[in-house]
Amino acid sequence: MTGVVLAAVGATTAVAQPAGSKAAADPAAVRAALERTVAAGAPGAFAVVRDHGGTDPKQSVAVGKADLDGTPMNANWRFRVGSNTKLFTSVLVLRLAEQGRIDLDKPLRDSLPAGTLPEGWDMTGRQVLQHRSGVYDHTNDLLEQPGEETTSAFEKRIRNTVYQPADMVAMSVKHGKQFTPGSKYAYSNTNYVLLGMAIEHLTGGSYGKALRKQIIEPLGLKKTSYVVPRKTISGAHVTGYLTNDDRTKPLLDSTEQNGSWVASSGAVISSAADLDRFLTKLLAGRSGGLLSDESVRQMTTTLPTPTAKVSYGLGLREIELSCGKVYGHGGIVQGFQTQSFATRDGKKTVVVFANASNNTAVTQGLTNTLEPAFCGTKPPAAAKVRRSAGDGGDRNGSTVPATPAVPVVDDTRI
């Protein structure tokens, strides 16, 4: 199997049908998108494209550096996947539903330790999976702003502080319900902290144990782990960097960090190869061994979000590209950005990555890699754009696409 190294995070132009696996990636256009991502402020980026059963089963493109010491970017190394974690959490919840241990259409409160949610908080498990629960995102309190973390907040409250899931939920509950459950979409990491708590309550074990026993070991995912509250990444891994609040200062090495603040919503560590295998097996349904065909159908049944061409199902995002719809998730967490998507049949996957965050120009550059990786079309021409620190540009201004091919989705933090 071969692959293409890409980097991305978003959505794009549309078609009503799922994308097929026949369209060939355009390696030159993929590389150009990755190079623009690096020009925008990331030390390095990569994209891995795999076409299972195709004549060119794997293509891989990497540009830039894996660290500021000059080590070349390596698409085989491990990294923090951020909100791609939500895919894993959703699978664990749906497995419990298949076993009759949770009813997704009853209040999630019934599957949580007593007192976790107030009486009258009747959002269902399905609404929580869909980000239509009305639950406030606790990470906004930790970061004191919507959107990406700042380096000051990272050092003060994120890198070394251990948070318990129940305490993060309590932080969220203080804000009250944000809207009537089911009435709208609003991305909230607390939703998936709650789901992690439900997994632990119903199985009697830790989230990490459930992940290992039900997904990692059965699929043979050699580089996937959940090590909260440990801060290090074992084995060969990419170094992650936060763009400094003061753009005149160097990037901040954020590789060693405590993932407890996002826990079951964003703290998994993995690799491009493992994400490819996971997505391929997941979308294959019963034959993939993770979920039934019906559960996969429910995951991929999506509802609109405020971002054009982007819909959300049960822990899974749908993006409309020029060659059709693709399914997966993205993740941005403290120095790492990843997009992992696949065609509906799971036969073609794209994993794109960059080792910098807190920079919207990097995020857009990565996002624009999806289109040439899946569809073979070229991203929009780049134009010189002077971005201020508030716009997320690098300290010297950035070369970024003048008109994005794929809109950046709303979850620009993790």
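In which helix does alanine 97 lie? I looked this up and found alanine 97 in helix α2, which spans residues 85–98. I took helices (H or I, at least four residues) and strands (E, at least two) as DSSP runs, numbered from the N terminus.

**Basis of the entries.** I worked from a predicted model, in which local features need pLDDT of at least 70, side-chain atom pairs count only at pLDDT 80 or more, and totals for chains, interfaces and linings use all residues. Residues are numbered from 1 along each chain as its sequence is written, and side-chain values use heavy atoms, with hydrogens and water left out.

**Alanine 97.** I recorded a relative accessible area of 25% for alanine 97, so this residue is partly exposed. For this term, buried means under 20% relative accessible area, exposed means over 50%, and partly exposed lies in between (1.4 Å probe, protein chains only). Not counting residues up to four places away in sequence, alanine 97 touches Ile102 and Leu104; contact here means heavy atoms within 4.5 Å. I also noted glycine 125, which is 28 residues from alanine 97 along the chain, with 9.9 Å between the two C-alpha atoms.

**Whole chain.** I counted 12 helices and 15 strands in the chain. Of its 414 residues, 61% are buried. I then took the contacts between residues at least 6 apart in sequence, and 75% of these join residues at least 24 apart. The chain exposes about 14600 Å², of which carbon and sulfur atoms supply 49%; accessible areas come from the Shrake-Rupley method with a 1.4 Å probe, and for residues only the protein chains shown count as cover.

**Confidence.** I looked up pLDDT, the predictor's confidence in each residue, from 0 to 100. Its mean over the chain is 88, and 84% of the residues reach 70 or more. Over residues 1–16 the pLDDT is below 50, and this stretch has 121 contacts in the model beyond near neighbours in sequence. Over residues 383–404 the pLDDT also stays under 50, and there the model has 51 contacts beyond four places in sequence.

**Largest pocket.** I noted a volume of about 280 Å³ for the largest pocket. Of its 19 lining residues, the closest to the centre are Pro165, Glu200, Tyr226, Val228 and Ala263. Two or more lining residues come from each of α6 (165–173), α7 (189–203) and α8 (207–219), and α7 gives the most, with four residues. By class, I recorded 11 nonpolar, six polar and two charged residues in this lining. Ala, Val, Leu, Ile, Met, Phe, Trp, Tyr, Cys and Pro count as nonpolar, Asp, Glu, Lys and Arg as charged, and the others, Gly among them, as polar.

On a 1 Å grid over the protein atoms alone, a pocket is an open set of points with protein on both sides within 12 Å along at least five of seven lines, a cavity is a set where a 1.4 Å probe fits but cannot get out, and lining residues have an atom within 4 Å of a point. Grid points are joined across faces, edges and corners, and a volume is the space filled by probe spheres set on the points.

**Cavity.** I found one cavity of 30 Å³ or more. The largest cavity holds about 30 Å³ of space. Its lining consists of Arg80, Gln257, Gly259, Gly266, Ala267, Val268, Val333 and Gln334, which divide into three nonpolar, four polar and one charged residues.

**Backbone entries.** Most residues other than glycine have a negative phi, and most peptide bonds are trans. I therefore listed the following cases.

- Valine 228 and proline 229 are joined by a cis peptide bond, with omega about 10 degrees. Proline 229 lies in the loop between α8 and β4 (241–242).
- Histidine 131, not a glycine, has a positive phi of about 60 degrees. I placed histidine 131 in the loop between α3 (125–129) and α4 (139–143). Histidine 131 counts as buried because its relative accessibility is 0%.
- Lysine 309 has a positive phi near 70 degrees. Lysine 309 is in the loop between β7 (303–304) and β8 (310–312). At 39% relative accessibility, lysine 309 counts as partly exposed.

**Glycine 376.** Which residues does glycine 376 contact, leaving aside neighbours within four places in sequence? I found Ala24, Ala25, Asp26 and Glu371. Glycine 376 lies in the loop between α12 (370–375) and β14 (382–385), and its relative accessible area of 21% makes it partly exposed. Serine 322 is 54 residues from glycine 376 along the chain, and their C-alpha atoms are separated by 9.6 Å.
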